[in-house]
Amino acid sequence: MGERLKLDRWGYQVNTFSDACISAINAYYHQVLIYGRERSVILEAPQCDQHCVLANILAAHFLCSADPSRAPLHIQAAKSRLQQASAYEKAVFDAVSYLISEDRDDDLAVELHSKLLKDFPRDLVSLKRVQVLCFYMGKPDLSLNLVQQVLHENQNENYIYGMLAFSLLECGQMEDAEKAAKRGFEINKQDCWSQHALCHVLQYECRFREAVEFMEECSSSWSLCSSFMLTHNWWHVALCYLEGNSSIKKVLEVYDYHIWKELERPDAAPTEVYLNALGLLLRVYVQGHAVVFEDRLKTLVSHLTDQSTWHIEWQLDLLTIWALASSGELDKAEALFQGLKSRLSKMRKKKQQTMQRGILLAEALYEYGRGNHIRALELLGPDFSAYHCKMIGASDEQLDVFNELWCSMLLSTGQATKAIEVIEKQVKKREGALFLWRLLERGYSMTGKQEARIAGEKALALETSYFK
């Protein structure tokens, strides 16, 4: 049978003779959009048609993280048939092949995706792909511009509003983010990214009980999600319990039965679980619950000494450095940090400058982990804001712990006046954040200010306002 043009999920032309190839491509699109566990389905597409450009370049993109040694074969296969490809396939090939090239320029990669989306605005998987890139660049404004660029063509489309909502909330536009997330949830109650975005908003606004009830009601829809998405949504639930002063046993329960338990599934991705486990453990340690989770950290660290878990995600590396250092694995922590510096030295100069803040935060976490708060503060500097460290691949909610850590270290080293200045600004944005009020009370007490009593009363009232 000769080759002919077929249409994919978006209605764009793909040069293939195989219906099964198109079905595998569409199945892959679905897996990407639902944060599914079966994104490897894309590998079936080039098996059905080894000459299909779109099948091969999407398979190459998947393999770049799953099994890098196999990616070049698919890149070459796509390249060899480029003359027979449709205009859409050529645009996807240009954007993806550059994205996965060595020593890429991130801005150019975004530009190529932007051009692709101008010509083919219904391709939501390319939108998702470039939004992920923007996330790791620490540029939510770029991500927002891109989703707004294609919104008109996808106004009633599944999944678009979750993408819009997350970009809005990362740009601080919480009211609009809530509307977009609710719109996405109305279209599809199973859309975990819209659920996740709405939880972000509720959490930021200290509507902890509402967030927990909403997410736990949605949780039955997460079983098909990737290890990251499933454990990340439970990470949010655990944080809401923690911030809302629920029993620490509730936080422990979420950790044991919904985050760590994911590792029992045969298709689990361990590093994705470790990322969310570490994010929760650092938060509970900073907030004074180290004893309760001590055994959990010890167990987790026994996995993190395995260097195969290193250099997969910047955020995971930074959290691992803290965990190793705080557990006395100083040689391992130092080796991981030196590995990060080596990675940095091989980057483009522009990228090196961007990632420098991430390196400083990594070193500060090493010092914090080993108890050297003075040196950690020196590294972070007097004007530290974790929100300037988005390039480690972290949302504002994931970065908040580093701000809490910084304020706690300021107080522990006697720099109460500076801590008060910082915490007062944070409290104005999140008046229902109990832990911030406790830090503020401590700072006021250290400086002999009468406001300590008011801050203490506010904290006391918040202790019973969410879950008790």
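**Second largest pocket**

I looked up the lining of the second largest pocket by class and got 12 nonpolar, 5 polar and 12 charged residues. Here Ala, Val, Leu, Ile, Met, Phe, Trp, Tyr, Cys and Pro count as nonpolar, Asp, Glu, Lys and Arg as charged, and the others, Gly among them, as polar. The model is predicted: local features need pLDDT of at least 70 and side-chain atom pairs count only at pLDDT 80 or more, while totals for chains, interfaces and linings use all residues. I note that residues are numbered from 1 along each chain as its sequence is written, and that side-chain values use heavy atoms, with hydrogens and water left out.

I read the volume of the second largest pocket as about 700 Å³. Of its 29 lining residues, Y387, D400, N403, Q426 and K429 are the closest to the centre. I then listed the elements that give two or more residues to this lining: α9 (160-170), α11 (192-204), α21 (396-412), α22 (416-429) and α23 (434-446). Helices (H or I, at least four residues) and strands (E, at least two) are DSSP runs, numbered from the N terminus.

For terms, I work on a 1 Å grid over the protein atoms alone: a pocket is an open set of points with protein on both sides within 12 Å along at least five of seven lines, a cavity is a set where a 1.4 Å probe fits but cannot get out, and lining residues have an atom within 4 Å of a point. Grid points are joined across faces, edges and corners, and a volume is the space filled by probe spheres set on the points.

**Cavities**

I searched the whole structure and found 3 cavities of 30 Å³ or more. The largest cavity holds about 70 Å³. Its lining is W235, L275, N276, G279, R283, Q315, L319, Q398, V401 and F402. The elements giving two or more residues are α15 (270-286), α17 (314-326) and α21, and α15 has the largest share with 4 residues. By class I have 5 nonpolar, 4 polar and 1 charged.

**α9 and α11**

I checked how α9 and α11 pack: the angle is about 25 degrees and the axes are 8 Å apart. Axes are lines fitted to C-alpha atoms, for helices over the stretch in contact, and angles run from 0 to 180 degrees between N-to-C directions. α9 is therefore roughly parallel to α11; angles under 35 degrees count as roughly parallel, over 145 as roughly antiparallel, 65 to 115 as roughly perpendicular and the rest as oblique. The crossing is left-handed, meaning that the near helix is turned anticlockwise from the far one by less than a right angle, with clockwise for right-handed.

In contact (heavy atoms within 4.5 Å) I list Y161, G162, M163, A165, F166 and L169 of α9 with W193, S194, H196, A197, H200 and V201 of α11. This contact has 8 nonpolar, 4 polar and no charged residues.

**α3 and α4**

I took α3 (residues 53-66) and α4 (residues 71-80) next; their axes come within 8 Å and cross at roughly 160 degrees. That angle makes α3 roughly antiparallel to α4. The crossing is left-handed. The contact residues include V53, I57 and L63 of α3 and H74, I75 and A78 of α4. I count by class 10 nonpolar, 2 polar and no charged.

**α6 and α8**

Last, I looked up α6 (residues 106-119) and α8 (residues 140-151), whose axes come within 10 Å and cross at roughly 15 degrees. α6 is therefore roughly parallel to α8, and the crossing is right-handed. V110, S114, L117 and K118 of α6 meet L142, L146, Q149 and V150 of α8.
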